[in-house]
Amino acid sequence: MAFPSSRRTIHISVLLISAWLWLSSESSVAELQRFQHPVKPNGSLSFLVVGDWGRKGLYNQSKVAFQMGLVGQKLDIDFVISTGDNFYEDGLTGVDDPAFNQSFTAIYTAPSLKKQWYNVLGNHDYRGDVEAQLSPILREKDKRWLCLRSFILKAGKENCSILTFSVLNSSILTTVVMSLAEFVEFFFVDTTPFVDKYFTDPGDDVYDWKGVSPREDYLSNLLKDVDAALKKSNAKWKIVVGHHTIKSAGHHGVTKELVEQLVPILEANSVDMYINGHDHCLEHISDKNSQIQYLTTGGGSKAWKDDVHRWDPKELKFYYDGQGFMSMQMTQRKAHIAFYDIYGKVLHTWNISKELHSDA
């Protein structure tokens with residue numbers, strides 16, 4: 001028995017709508033913008049992380065950049081992550097600020113660093129024109145640059161799926177779907193608006209809160225989006241990136257607002273690592289109450305010598321009060337972390353296994 005033409009049309013329409021909803025469900029759950037990055041053919045991923053760097057090459061920024069280039073070539077990195085404070089002292093004045101070239105394009109010139117850079121904002125960036133760093137105009141000036149307040153990066157192997165929908169044994173729709181079978185997902189979080197003192201006691205500093213006010217709504221929505229995205233994630237590894245410290249023995253220490261508001265979400269969703277800058281040091285804290293590894297890489301330029309506070313030695317695995325950066329090599333089962341100084345010396349390594357969560 002054949003359907004009347006009108007009923008067939010309705011039935012086909014329902015299938016098409018169902019197919020569209022299935023295909024678009026990836027982006028409909030959370031408001032955070034998503035990006036995808038393929039891994040190497042063998043399924044591995046490698047990248048560098050640097051923070052607190054933008055000083056026009058001064059305070060050993062150029063030396064850090066040089067070593068990043070060498071390590072980046074050796075590891076055949078896929079991309080670079082910046083943990084914020086991209087331009088000192090007060091961010092950018094606009095999209096035509098020469099500091100963008102002087103502190104970024106003209107500094108990170110090694111061929112291995114000509115890869116995508118994924119950047120978050122730091123508190124110093126909020127003292128300038130925030131929209132300038134977020135503007136696609138900077139991407140036109142240097143295609144490596146990608147900066148948003150908060151976003152998600154999925155890394156994995158590209159898969160090809162063919163969807164065929166039929167009615168009454170007649171093929172009506174065939175769609176080729178290219179997707180990533182992600183094994184690691186990065187959640188970049190805008191942490192500066194969480195910090196109370198920037199609002200209640202800014203001193204002589206002036207912050208650009210356009211796009212953040214009203215603050216309470218901004219933070220509430222952000223926390224909901226991060227929580228929803230983490231809950232939805234099927235990635236083997238979940239890594240959160242922000243500028244501010246959560247656990248640190250350095251100058252800034254613990255950011256209580258993040259401990260109170262963000263950490264419960266990280267712990268509830270089995271996040272593996274939180275990577276940050278803000279403290280101008282290199283540091284690794286292994287949380288004894290959860291599986292989270294807290295990794296500080298804020299040594300991209302100016303560092304603070306001997307500015308370290310007491311911390312539980314069972315948690316503090318490594319602290320270095322000088323300049324440097326971090327690398328990470330990952331597979332489905334293992335992650336290898338390494339910290340380097342301005343001479344390229346490996347200062348600390350740590351291996352994490354999905355079978356036995358961590359082993360030094």
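This passage describes the overall make-up of a predicted model and then several of its local features. Residues are numbered from 1 along each chain as its sequence is written, and side-chain values use heavy atoms, with hydrogens and water left out. Because the model is predicted, local features need pLDDT of at least 70 and side-chain atom pairs count only at pLDDT 80 or more, whereas totals for chains, interfaces and linings use all residues.

The chain contains nine helices and 16 strands, these being DSSP runs numbered from the N terminus (helices H or I, at least four residues; strands E, at least two). Of its 360 residues, 54% are buried, where buried means under 20% relative accessible area, exposed over 50% and partly exposed in between (1.4 Å probe, protein chains only).

Helix α7 comprises the 18 residues 215–232 and should span 26 Å at 1.5 Å a residue, which agrees with the 26 Å between its end C-alpha atoms; the expected span is 1.5 Å times one less than the number of residues. Among the buried residues of α7 are Arg 215, Tyr 218, Leu 219, Leu 222 and Asp 225. In the loop between α6 (197–200) and α7 lies Pro 214, which is joined to Ser 213 by a cis peptide bond with omega of about -5°.

Asp 97 is found in the loop between β3 (79–82) and α3 (99–105). Asp 97 is buried yet has no salt bridge, and the nearest side chain of opposite charge, Lys 56, is 6.1 Å away; a salt bridge requires a side-chain nitrogen of Lys or Arg within 4 Å of a carboxyl oxygen of Asp or Glu, and in assigning charge Lys and Arg count as positive and Asp and Glu as negative, while His and the chain ends are not counted. The side chain of Asp 97 does, however, reach the backbone nitrogen of Ala 99 at 2.9 Å. The loop between β3 and α3 also holds Glu 89, and a cis peptide bond with omega of about -10° joins Tyr 88 and Glu 89.

Tyr 59, in the loop between β2 (45–50) and α2 (61–75), has a positive phi of about 55° although it is not a glycine. At 44% relative accessibility, Tyr 59 counts as partly exposed.

Technical notes: A polar contact is a pair of N or O atoms within 3.5 Å; within protein, one must be able to donate a hydrogen and the other to accept it, and residues adjacent in sequence count only if both atoms are side-chain atoms.
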